Protein chains: 2
Amino acid sequence: MIEGMLNLEVCFSPALYCKYENPEAIVAVIDIFRASSAIAAAFSNGVHSVIPVASIEDARMMKEKGYLLAAERNGLVLDFADFGNSPYNFMTEAVRGKTIAYSTTNGTQAIHMAARSHAVVIASFINHSAVLKWLTDQNRDVLLLCAGWKDKFSFEDSVYAGALCRSLLDTGRFQSKCDSVLAACDLWELAAQNISAYKEKFAHRHRLKKMGLDDCVDYCLTFDVNDAVPVFRNGEIRNVNKSG
Amino acid sequence: MIEGMLNLEVCFSPALYCKYENPEAIVAVIDIFRASSAIAAAFSNGVHSVIPVASIEDARMMKEKGYLLAAERNGLVLDFADFGNSPYNFMTEAVRGKTIAYSTTNGTQAIHMAARSHAVVIASFINHSAVLKWLTDQNRDVLLLCAGWKDKFSFEDSVYAGALCRSLLDTGRFQSKCDSVLAACDLWELAAQNISAYKEKFAHRHRLKKMGLDDCVDYCLTFDVNDAVPVFRNGEIRNVNKSG
């Protein structure tokens, strides 16, 4: 490894996080379908902050406290929640200026898991360039944490991890000898040739389709829809991109 | 999923095994550099059986009991062992007809972990076609378990998992909607274009090189050197391919 270069790693599942954990690093949490895409969408639509909530019990408590609640498990809205996990839910007039409590199958747990690191940012295709610039400006090691599917490897999260790795490596500031980084880059290179055909390989794309929840799939695979930089700090996520 | 088809899954790390575990399936353990390659080599060179030993303490005990002992950690031979982890160690006159106790950084633990499944077979490039035929003949679901590197994702194990998945899917008997299977197949497709260039991406290939232990790397990436089918049963591995 070259002195002075920043280290880049990818962790393909929250269940492997303890093997990659680095308290000095910034962790970028990736949950393409749909938590990280929804959070980025929220901030470009005037949401004040998002409180990620790991358990269903805590989600219910937040609702009772009067928060707007977005909550789903396995793609389906919890019956006591205001709405579910689609980015489109975070684009309405009702959410403007609000703090939203948010609980999902995979993504919100991954955010809490990463909380002991130097900082946690939420990354997705739709806020790619903004997060890339912010990560590069921080001058810190970066660990990408794929939220996965129930702790299993998730194709779309890993493919986006590859896209972000490729961009970070291309800045010339980062280096990696991590097998996961090089494998993710190769998967991204394949996917990038035709992402709208490649997405048919993603199991969760088909789960969403079966439930009629796949209207947002193409949106979640679109680069740079907005320039939100959602950072998790002191229990809540806010947009730190002041120009956003 | 289509009725009557067998299910195929890939687990990229022993630390994820509990998420994929299926007691009805056959588990194929993959540790290309070097345990699964060494075990396949052993049986084509007249070794009677191999006893995988997970801990260093148990390895020392086996040596005291009089077994030939092959044992390494992080690539280096343990000082009380007879030899280490290179397939070439398992090709000498000294091992013919013998039972060898064997303990490695990743592979032997993965074998023990899979022991509660229906059966455990040891798979590698060098005994690919023999294991493929045996797996197809068993008419059971198959789970490929990559031994990984200290529970992290390992590139060479995942690429070989892709090669074996591709072959199993091509029989027309197996199906998969597992993200890991499709990702592994894509990595294999890339690697297969020029495996001797692609191997430079594998971190463990460089670890071995640094220690001067990379003389076996090309051997471990060669298809069908032998037709051993090493199966783990009742605490020991034997070759069940009677023609072998």
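These are my notebook entries on a predicted model.

**Conventions.** I worked with a predicted model in which local features need pLDDT of at least 70 and side-chain atom pairs count only at pLDDT 80 or more, while totals for chains, interfaces and linings use all residues. Residues are numbered from 1 along each chain as written, chains are lettered from A and ligands numbered from 1 in written order, and side-chain values use heavy atoms, without hydrogens and water.

**Secondary structure and overall form.** I looked up chain A and found 10 helices and 11 strands; helices (H or I, at least four residues) and strands (E, at least two) are DSSP runs. Chain A has a radius of gyration of 17 Å, close to the 18 Å of the globule rule for 244 residues, so chain A is as compact as a globular protein of that length. The radius is taken over C-alpha atoms, and the rule is 2.2 Å times the number of residues to the power 0.38.

**Burial.** I noted that 60% of the 244 residues of chain A count as buried, that is, under 20% relative accessible area with a 1.4 Å probe, protein chains only.

**Contacts.** I read that 77% of the contacts in chain A with a separation of 6 or more join residues 24 or more positions apart; contact means heavy atoms within 4.5 Å.

**Two copies.** I checked how chain A superposes on chain B: a rotation of 180 degrees with 0.0 Å of shift along its axis does so, at RMSD 0.0 Å. Superposition is by least squares on C-alpha atoms of residues with pLDDT of at least 70 in both copies. This is the relation of a two-fold axis. The same surface serves both copies, as 100% of the contact residues of chain A recur in chain B.

Note on methods
Buried means under 20% relative accessible area, exposed over 50%, partly exposed in between (1.4 Å probe, protein chains only).
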